[in-house]
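Me: Got a model open and want to talk through some side chains. Can you walk me through it?

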Amino acid sequence: MGVIRGMNHIGMTVPDIESATDFLKKGLDAKISYDSQTLEDRPRGGPLVEKLLGIPEDSYIVKKRMLTIGNGPNIELFQFYNVHSREKAVF
């Protein structure tokens, strides 16, 4: 087994990317690095994405954002359409 040298980022699915961003900014001094998908972009989905991510049919990614927190690993936020968690997170 090799030695772990670091971690680039952690992905999180959130119900509202703006609320999650505000929460992480206030709590962890996170900074927005970039948005890799916005509402103006074409949603990402279809049979392959559904299969790879294990999401329901007709679900798709509508927003993606990368946040930086100090020198640690980044956090990539995903907001989906038509995907519901078992419990709602409150930010």
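Me: Which residues is Leu-77 in contact with, skipping neighbours within four places in sequence?
Reply: Leu-77 is in contact with Met-12, Val-14, Ile-17, Ala-20, Thr-21, Leu-24, Lys-63, Lys-64, Arg-65 and Leu-67. Contact here means heavy atoms within 4.5 Å.

Me: What's the ground rule on numbering and confidence?
Reply: This is a predicted model, where local features need pLDDT of at least 70, side-chain atom pairs count only at pLDDT 80 or more, and totals for chains, interfaces and linings use all residues. Residues are numbered from 1 along each chain as its sequence is written, and side-chain values use heavy atoms, with hydrogens and water left out.

Me: OK. Which residues make up the largest nonpolar core?
Reply: Nine of them: Val-14, Ile-17, Ala-20, Leu-24, Ala-30, Leu-67, Ile-69, Ile-75 and Leu-77. A nonpolar core is a set of buried Ala, Val, Leu, Ile, Met, Phe, Trp, Tyr and Cys residues joined through side-chain atoms within 4.5 Å. Buried means under 20% relative accessible area, exposed over 50%, and partly exposed in between (1.4 Å probe, protein chains only).

Me: Which elements give two or more residues to this core?
Reply: Those are α1 (17-28) and β5 (74-81), and α1 gives the most, with three residues. Helices (H or I, at least four residues) and strands (E, at least two) are DSSP runs, numbered from the N terminus.

Me: Switching to charges. How many salt bridges does the structure hold?
Reply: Five, where a salt bridge is a side-chain nitrogen of Lys or Arg within 4 Å of a carboxyl oxygen of Asp or Glu. One of them pairs the side chains of Arg-65 and Glu-18 at 3.2 Å, N to O. That pair links distant parts of the chain, with Arg-65 in strand β4 and Glu-18 in helix α1, 47 residues apart.

Me: Is Arg-65 buried or exposed?
Reply: Buried, because its relative accessible area is 7%. Glu-18 counts as partly exposed at 36%.

Me: What about Arg-65 and Asp-35, how are they paired?
Reply: Their side chains also meet in a salt bridge, at 2.5 Å, N to O. Here Arg-65 in strand β4 is linked to Asp-35 in strand β2 (residues 31-37), 30 residues apart. Asp-35 is partly exposed, since its relative accessibility is 37%.

Me: And what does Glu-76 pair with?
Reply: Glu-76 and Lys-64 meet through their side chains in a salt bridge of 3.9 Å, N to O. Glu-76 lies in strand β5 and Lys-64 in strand β4, so the pair ties together parts twelve residues apart in sequence. Both Glu-76 and Lys-64 are buried.

Me: Which residues end up in one network through shared partners?
Reply: Glu-18, Asp-35, Lys-63 and Arg-65.

Me: New topic: where does Ser-59 sit?
Reply: In the loop between α2 (47-53) and β4. Ser-59 counts as buried because its relative accessible area is 1%.

Me: What does the Ser-59 side chain reach?
Reply: The backbone oxygen of Pro-56, at 2.9 Å. Leaving aside neighbours within four places in sequence, Ser-59 is in contact with Gly-45, Gly-46, Glu-50, Tyr-81, Asn-82 and Val-83.

Definitions and conventions:
A polar contact is a pair of N or O atoms within 3.5 Å; within protein, one must be able to donate a hydrogen and the other to accept it, and residues adjacent in sequence count only if both atoms are side-chain atoms.
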